[in-house]
Amino acid sequence: MGETENRQMLVLFGVIVAALLEILISILGLGIPAVPVCVLVLLEAGMALCLRDVPIWLHGLAVLAQILVGALAGKLIFIVLCAAMYLVFILSLRFWRS
């Protein structure tokens, strides 16, 4: 395996660990049921995949909208975790392509 493949595997491992941490913190720490947490992690990944080529300010707008909706719904900590996961997905996709 070359150096590029090693870096890509490391990024993939980091994304998987981050997703598992979000799921565990949300379920065990915040008491949110497992199904909505896993669905939101998958939605964040899908949204990051669809928006990977848009300008950076649009990602900021998406994160801001997520945090605003989370504050209105009373689940601010959970939505901040989801927004952080979205940023992890976006940064890993950008790193993967470079």
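User: Does R52 count as buried, partly exposed or exposed, and why?
Analyst: R52 counts as partly exposed because its relative accessibility is 32%. Buried means under 20% relative accessible area, exposed means over 50%, and partly exposed is in between, with a 1.4 Å probe and protein chains only. Before we go on: this is a predicted model, where local features need pLDDT of at least 70, side-chain atom pairs count only at pLDDT 80 or more, and totals for chains, interfaces and linings use all residues. Residues are numbered from 1 along each chain as its sequence is written, and side-chain values use heavy atoms, with hydrogens and water left out.

User: OK. Where does R52 lie?
Analyst: In the loop between α2 and α3, with α3 covering 56-73. Helices (H or I, at least four residues) and strands (E, at least two) are DSSP runs, numbered from the N terminus.

User: And what is R52 in contact with, leaving aside neighbours within four places in sequence?
Analyst: H59, I90, L93, R94 and R97. Contact means heavy atoms within 4.5 Å. For R94, the C-alpha atom is 7.4 Å from that of R52, and the two residues are 42 apart along the chain.

User: Zooming out, how many helices and strands does the protein have?
Analyst: There are 4 helices and 0 strands, so from the N terminus on you read α-α-α-α, with each element a DSSP run. The C-alpha atoms fill a box of roughly 45 × 30 × 15 Å along the principal axes. Of the 98 residues, 28% count as buried.

User: What share of the contacts with a separation of 6 or more comes from residues 24 or more positions apart?
Analyst: That share is 65%.

User: Back to helices. How do the axes of α2 and α4 cross?
Analyst: They come within 9 Å and cross at roughly 40°. Axes here are lines fitted to C-alpha atoms, for helices over the stretch in contact, and angles run from 0 to 180 degrees between N-to-C directions. The crossing of α2 past α4 is right-handed. For the convention, right-handed has the near helix turned clockwise from the far one by less than a right angle, and left-handed has it anticlockwise.

User: Which residues meet there, α2 against α4?
Analyst: From α2 you have V37, L40, V41, E44, A45, M47, A48 and L49, and they meet F78, C82, Y86, F89, I90 and L93 of α4. By class, this contact has 13 nonpolar, no polar and 1 charged residues. Ala, Val, Leu, Ile, Met, Phe, Trp, Tyr, Cys and Pro count as nonpolar, Asp, Glu, Lys and Arg as charged, and the others, Gly among them, as polar.

User: Which residues line the largest pocket?
Analyst: V11, L12, V15, A45, A48, L49, F89, S92, L93 and W96. By class, that lining has 9 nonpolar, 1 polar and no charged residues.

User: Which helix gives the most to the lining?
Analyst: α4, with 4 residues. At least two residues each come from α1 (3-29), α2 (34-50) and α4 (76-97).

Conventions: 1 Å grid on protein atoms, 1.4 Å probe; cavity = no way out; pocket = protein on both sides within 12 Å on 5 of 7 lines; lining within 4 Å.
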